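Here is a short report for a first look. Keep the ligand and the sheet in view as you read.

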Amino acid sequence: MLNNVLIKNADINDIDELYAFERGIFTHDQLSKRQIRYHIKHKQNQFLVVKVADTIVGYCLIFCIFGRYSYARIYSIAVAPEFQKKKIAAQLMQKALIEIKNNKINKVYLEVAEDNLTAINFYKNFKFTVIKTIPLYYQGKYNALKMQKIM
Ligand SMILES: CC(C)(COP(=O)(O)OP(=O)(O)OC[C@H]1O[C@@H](n2cnc3c(N)ncnc32)[C@H](O)[C@@H]1OP(=O)(O)O)[C@@H](O)C(=O)NCCC(=O)NCCS
């Protein structure tokens, strides 16, 4: 367990490191540098990064969508393999949920590959429930589960 890690909002100086980190974790649907820059600058998004010894070891990207039915979407959460299972993602998720609540939003959605049991388990721990299966969501080949949490 790694407690009290530094979680902060990403800034434009983090773009190159985030880009390399993302490519090291995900094999598809990776964010481009341009998308990373956009999400960092977009005020309605929260791009949280976790740093250990000044190095990014995890991040969480959240979109807040405001309107008649406001909601948040957790686009992605990831921790470097060597730092996994130390509750870093749990700390990121806690912080993300606080940020979402601060925006007066009480509904959170996310999509996750149906075979990503680690992530599904992680989300269930945070009381997300599966609301539907989205066929062929990833790369037109793999199903996703849509999960929801009402706060
Ligand atoms: C999913 C992920 C973010 C979890 O990060 P993490 O920092 O290892 O998670 P934590 O240590 O905070 O775990 C919190 C809880 O999640 C669950 N969990 C985490 N890893 C798990 C695993 N390998 N198997 C089963 N449950 C797991 C557990 O319930 C755990 O609580 P516990 O340790 O008390 O049992 C991480 O595995 C990851 O980055 N995976 C690759 C990227 C990814 O698939 N992201 C999600 C889709 S966008």
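H4 gives the most to the shell around the ligand, supplying five residues. The model shown is a predicted one.

Which residues come nearest to the ligand? They are Gln84, Ala89, Ala90, Ala119 and Phe122, out of 19 residues around the ligand. By type, the shell divides into ten nonpolar residues, six polar ones and three charged ones.

Now to the sheet. Seven strands form an open sheet in the order E1-E2-E3-E4-E5-E7-E6, and the pairing is mixed. Strands E1 (6-9) and E6 (129-138) are the edges, each pairing on one side only. From one strand to the next, the twist averages 25 degrees.

Strands of a sheet pair through backbone hydrogen bonds, in either a parallel or an antiparallel sense. Here, E2 and E3 pair in the antiparallel sense, over eight bridges. Valine 50 stands opposite glycine 58 in E3.

H4 also packs on the sheet, where it touches E5 and E7. The direction of H4 makes about 160 degrees with that of E5.

| Strand | Residues |
|---|---|
| Strand E2 | residues 45-52 |
| Strand E3 | residues 55-65 |
| Strand E5 | residues 107-113 |
| Strand E7 | residues 142-150 |

Note on methods. Residues are numbered from 1 along each chain as its sequence is written. This is a predicted model: local features need pLDDT of at least 70, side-chain atom pairs count only at pLDDT 80 or more; totals for chains, interfaces and linings use all residues. A residue is near a molecule or strand if its C-beta atom, placed from the backbone, lies within 6 Å of it. Helices (H or I, at least four residues) and strands (E, at least two) are DSSP runs, numbered from the N terminus. Ala, Val, Leu, Ile, Met, Phe, Trp, Tyr, Cys and Pro count as nonpolar, Asp, Glu, Lys and Arg as charged, and the others, Gly among them, as polar. Two strands pair if DSSP finds at least two bridges between them. Axes are lines fitted to C-alpha atoms, for helices over the stretch in contact, and angles run from 0 to 180 degrees between N-to-C directions. Two residues are in contact if their C-beta atoms, placed from the backbone, lie within 7 Å.
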